[in-house]
Every structure is written in structure tokens, then in C-alpha cells.
Amino acid sequence: MNARLKASWAKLLIFLSVMGPGIITANVDNDAGGITTYSVAGAHFGYALIWSFIPIIIALIIIQEMSSRMAVVTGKGLADLIREEFGVRVTFYAMVVLILSNLFNTISEFAGIAASAELFGISKYILVPLCALAVWWLIVKGTYKSVEKIFLVACVFYVSYILSGFISKPDWGEIARSSMHPVFKMDKAYLLMLIGVIGTTIAPWMQFYQQSSVVEKGIKLKDYKYSRLDVIVGAFVVNIVAIFIVIVCAHTLFANGIRVETAKDAALALKPLAGHYCFYLFAFGLLNASVFSACILPLSTAYSVCEGMGWEVGVNRSFREAPQFYGLYTAIIVIGAALILLPGVKLVPIMLISQATNGLLLPFVLIFMLLLVNNKRLMGSYTNSRFYNIVTIIIIAGMIGLSIALLFTAFIH
Amino acid sequence: MTDQQIAKKIGKDRSGMFIYLSQLLDTIVLDKNREFVGRVYDVVVRPSEVYPQASLLMIRKGFPDRQYAVIEWANIFEIDDKETWLTIGKDKIIFSQIHNNKEELTLRRDILDQQVVDTFNHKVIRINDIHLLFVDHLLMVAHVDISLRGIIRRLGYEKITDFFVSLVNKNAAYLKKEHLISWKYIQPLSINPASMTIKVNVPQQQFSRIPAADLAEIFQDLDVRQQLSFFKSLDLSTKARIFTHIDFKVQKSLMDDLGNKEIAEVLNHIPSDEATDFLEKLSKDRTVHILGLMETKYSKKLSQLLGYSSDSAGGLMTAEYIAFKKDDTIEAVLQQIKERTFKTEPAQFVYIVDEDHKLVGCTNFRRLILANPRDNVQKAAFPKIYSVRLDSSVKEVAYLMEKYKYYTIPVVDANNVLQGIITVDDILSQVISIAWRRLKRIEVKPS
């Protein structure tokens, strides 16, 4: 008994040392944009969309697992591998689109910060520059280890959504029933929302970021199973948080027929219905998610671009050693924060461009991944099995279909 | 056909002219009747020389069912950035689906877009283009290009970008400065799939000229697989220089992949303070195991420094012992004892271990000689075996040795894995020194 306890303790310790990349990547998924989508989904359709989180979890695990596996087996980032296997031309254009897509995502994160500033009654002209500076400072002055720890702490703060879910006291029986019974309404608004919910889940930057951070962490092949567990835990945690956001909004806003368009609206509408605590938790969750994602997105962009172009890379280097890395990182943060503070900036077109560039890039990234992960020269005996490939192709086809659909609907709107 | 003969056949003499690999790739290849054969895919070079010479041209055709063919350089009549003209007919070229040439260094697969070590600037760089030089009819790898302009050239925007840059500033560094690095400083990092090593093609002294800290930094920039393969390919002193300067995380990762034995070999060449720094961070069992694999004299010094010193079995023991697998026959065992040479003379005890090197028995020369040679070695074993742990005290060891009349006693770790032996002379010197100290105290006290 004692020996077994010791063995499981040792296993837990290994997991704790390996965990991070999967959980962090998945959590960034619940960024300002994600929270907005889930709030609106809950407010407009109640519990009717909760079932869709089950296929989302599966898709997220399958795709991120491949990233993680490639990282451990090859020891290289995704951008590295794309450059080495598909050449500079493909890499260059992919990176241009990635920069655009991540830049617009970052802008929407700063929009989230601005929105939560207003919720807390702070001027956004104070909070946004402050957050931008803090985010910049963290990466430029931090080391990989310290940065990862802070990120993991940020992941814990997502609990605020789960708490706000409990505070609003929903009907658990009904939630269980509706998550088990997929409702498929042939209603245009419903389908759009469904596409939106699934579409925000898998973004191109995630594969780049996760693979790079697993590489940076130096996880060994023998510990790979723990890395896989990290991905699985991340996928579950992020979707549970998303489900709670839907629950809060469904139970309060949907039940009272209140329609919202943004996460800020949702938080404000919650105040009279669910009380002050729920409001503050919701608003705090938005701030945390926005700041956290505003850290990761520029970082991920800088990593990927420098890897692909062959420039010095890494959190552990100084500004002088890796000028392109820090330059790109700084530029994205500065542009992101400055644009939001400009008076009269419209958020909707920014969101549209971010969705469009995501949708444009995602099919390519997923296809590259599939080709790379099946390359025997790179992966040896760790290529996908036939069954895994079939599942992946179905998921990829589904994701591509959805992101194209999202692209179209975004512009039709 | 000799080189001169081919040279005579060449229409234009391009000697001394340069061409970029990117200008060559995907240009058309024509056979002797000027019929289309395929497109240039890759160039195989002979890595043996300082400036490797192109030896084979790989071409491909078809999409998506790509087919590849290999053409000897001697069969090329003319090659430039427009087309390649062969001296052989289309019918002589055999296409197949496989193009992975296992041993050779190929420019597209192994160099272009890949990371290499620049031993001149002490950096890991990614190659944007390769600068090739015509010498007679041959092509040689002269430089690699790591500039932004190299990327732009490959994207096909070189002329436009040049134009705009020259509009702004005619003497811009972008236009004037060529970011070319001579091939002699370049160490490729392509891993040979058969031996899992990286062929070191720059002279080893080039590495010895790089300050150890820089070398370690270069090393840490490689990916895990490259680190392992590169490390294996280096000479011992370079290995030692790198090992002392890399982070513990990388050290540990190397040790896990290479095994204790190779690390012990490297540690033999590392200053004792650096070696103890590393060993201190390992688990006790592992430290003792590695010490056991090292040169006896040096490991004794290290174990003293590590504080195992005289007060525990781990510090006293030596790794020079005779052990055999329990399934060996006595005949084989005796034969091996005769053939082996020992640095020091081990006492006549022979230990028997299982597959995991766990101690299962003990015998001596006398018993082995008297036993039936065809028997299993375990037949000659003593009925019972006593051993001490790594952390057993000198007193315990001395007491057990005296009790069972052992000349040597085996030392095992917590899992009963044999780590080393303690000989009677080692324990005697300890006991004598303890006795002397006591004696002195007794002498001092009355006065």
C-alpha cells in the first residue's frame, strides 16, 4: 500500500512538472471573444447549445494532442517544421496571415480589458495602458518558468465563472438533460450561434503556441503520457468554464428574455438578476481572461514568426539578443492597446477581420499538421494510427467547413 | 570520362560564377534531344571536402504522384538558372517514388531552410539560401545566405524590393552588405538516420576555438534530438567543455538519453568542482552508480568532495569488482577471469547478479576452480550472501566483515543493485585511523 502510494505520488509529481502547455493553451481559448460568444449563446438560446461542448472537447483533445506529440518527438516548433518541410514561401505567407490574425485577436483582448474597466468603473485610459505595460514587462523581464507559473495562476482565476454559475443557482437537472440531448434547430440564428461557438474553440495560434511551449519545456518522450494528460485536462477545464458561462447567462438572462450583444452587456444585465457577487465575478473573469490572452497572443506570434524565419527566439533571451522577437511582441501589444483607446473605433469590423484571418489560416495549419504528424522521417513510430487519422480527417474537414461557413456568415451579416 | 573531357564538352565556361540554389530549384531539365524530363529537385553533395562538390542531381516530375530520378553529375551537359541540359536520353532515366537517399548530404533536404551551426559567429542559424560556385563544369557549395534578402529572393520579390530600397537609399546596407557565410564555418545538423549521429565536418579545433560558454549556448539552441546526436559526434574534450557549461536540465536530459556510462566517461574530463556540482543534484543512488563507473582515482576524490568520504560504505567502495550473470557457466566465468585485466588487484571474490544487476550470490576463485566447469555459476555460490548498504557506516562494515570473515564485502543500493565492493585493506585503514584518534584522546586526557 505504502509503495503504491509512493508510486502514485511520484506520478503526480511528474505530471505537475510536465503540465502547463496544454492547460494554458486551452484556457486562452476562453478569451474576451470566447466569453462574448458563450454569453450571447446562453442569453439567446438557453441550455440548447450545451451539448455542442462534448464534440468540441473531443476535437480539441485530438488536435492539441498532435501538437504536443510533434513537440515531444521532434523537439521543434510547428513553424520550424513547416519551414523545414514546406519551404520558405509557404512559411512566409502563413506567418503574414498569422500576424494579422493574432493582431486582431489581441485588439479584441484589449477591447475586453476596456470593457471590464468600464464594468469596474475605472477609466479605460488608465487600465488598458497599465495592462499593456504589465503584459509587456512580464515577458521581457521574465523567464520561461516564472511566466508559466503566472499563466497557470491566471488559469485558476477562471474558477470565478464556475463560482458565478453556482451563485446563480441554476436547475442542474435541466442542464444535464439538455447536454445529453442535442437539439438541432434549422433556424438561421441558432446555426450561426452554433458555428460561432465551435469556431472560436480551435484557432490557428493555439497549435503554434502549444507546440512551442512543450518544446521550450523540454518534455521527454518517456513523460509523453503526462503531456497528453495535460492536453486532456486542459480541454475539459476550458469547456467546463465555457459551459458555466452559458449556464449563468441562460439561467438569468435567457429566462428573463434579456438579449445581449457583448460580454459587458451580459455582466451588466446580471447585476439586478443574480446579485453583486455574480456581477463582480463575471466582470473579473472577463478581465482575467482578456489580460491573460493579451499576454499569450503576442507571445505566440513572436515565437512562431521568429521560429519560421530563423530569428533568435525565446523568453530566456535579452532584448538585444532577440530583437525581432521582442520587436514583434512589443509592436503587437502597442498596436493592440493603442487602437482600443482611439476614440470612435468600431469593434465589429475588428472581430470580423480576426475571424476571417483565423478561418483563412486554420485549414492550412491543420493540413500541415496532418502531413507533418504522418511524416515517418520526423515522427518515426509516433505517426498517427489509421483510426486516429480517420478521426482527425473528419474533425479537420468539419473545422474547415465550419470556419468557411463562419467566414461567409460574418460577411453576410 | 575524366573531368577534363567533360569540361571540354561544356558550351560556356562558367568557372568563377556564382549561382544560388534557389535559382536552380524547380528549373526544367531536358534530355540530350532537348525533350522535357522533369524539374530540378535537389542536389546531392559529397560532404568529405571543405567545399562540398555536387555529385548527383535529383529531379522530379508529376503531381500529386511525384516521381524522382537521380542523375550523375557527369551526365549533365549544361546547368544554369534557366535549364539543365543532359547528355543522356530520356529512356536512360529511371524514375521511382522514393527519393530518400540515406547517407548523402543533400542541399534541399539537409541544408536549405534547416538550422546549422555557424562556428564563426558562434550561433545557430537558419539557412535562407545556398551560394554555389562553378569550378570548371562542377558546382561547389561556397557560402550560405542567412539574410533577409535571401528570404525575399526566394519569395520572388528581390527585384521589386531592391528597386524600392534603392529609391529610399542607394547605399542601403540591405543592398550592399552580403550576408554570406563561408561554408567552411558551417556545421550541418542533419542526423544520419542509421547511426543517429551528426557528421562533424568542420575541423574539431574549430570548436575548441569557440569559448566554452558560447559553445554551450549554441548547444542549448539545438533541439533535443540534435543535441543528443551532436553530442555523440564530438570528441571527449569538446563534450566535457559543453557539459560543464550547460544548464542542469540539459545535462540531465543528456544523461537520461546517453546512459550513465557515457556521462561517467565525460565526467572523467571535467574539473572536480564542476563534476561535484552536477553529481550533487542527482539522486544518491545515481551518484554512487556514476562514481562507480568513473576512473577509480578520480571518483574517490569526487566522493570525498561530495561528503560520502570516509564515513559511509558509498565513499569507501571501489567499482573494480568481478560480477557475472547468474546463467553463465563456470567454464565461461573462469575463461573471462583469465582474459580480463584489472587496474588494481581485486580480491578473489566473484559476485553473481541477475538481469537488473541485483546481487544474488557470491563465490570465490577456489570454489570456482573446484566446481564442475559445465555447471551453472550459481552452483559454486556460497550458501548465503551478506552485503552492506551505500549509507552503512564504517563500523557496520568492519563488524560484518570480521563476523563473516570476508576479504571484500559487496555494497548495494536500496533496490539490492550491486554498486561496488569494499576491500579489507580499505576498511582496515579506516579502522586504524579511528583507533589512532581514540588512542590520542586517551593519551591526552590524563595530562
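Modeller: Two residues are in contact if their C-beta atoms, placed from the backbone, lie within 7 Å. In this predicted model, local features need pLDDT of at least 70 and side-chain atom pairs count only at pLDDT 80 or more, while totals for chains, interfaces and linings use all residues. Residues are numbered from 1 along each chain as its sequence is written, and chains are lettered from A and ligands numbered from 1 in the order in which they are written.

Colleague: How many residues of chain A are in contact with chain B?

Modeller: 13 residues of chain A meet 14 residues of chain B. Helices are DSSP runs of H or I with at least four residues, strands are runs of E with at least two, and both are numbered from the N terminus. Helix α5 (residues 78-120) of chain A gives the most to the side of chain A that touches chain B, namely six residues.

Colleague: Is Cys131(A) buried or exposed?

Modeller: A residue is buried if 20 or more other C-beta atoms lie within 10 Å of its own, exposed if 12 or fewer, and partly exposed in between. Cys131(A) is buried because it has 24 C-beta neighbours inside 10 Å. Cys131(A) sits in helix α6 (residues 124-141) of chain A. Leaving out residues up to four places away in sequence, Cys131(A) touches Ile113(A), Val291(A) and Ala294(A).

Colleague: What is the mean pLDDT of chain A?

Modeller: pLDDT is the predictor's confidence in each residue, from 0 to 100. Chain A has a mean of 81, with 94% of its residues at 70 or more.
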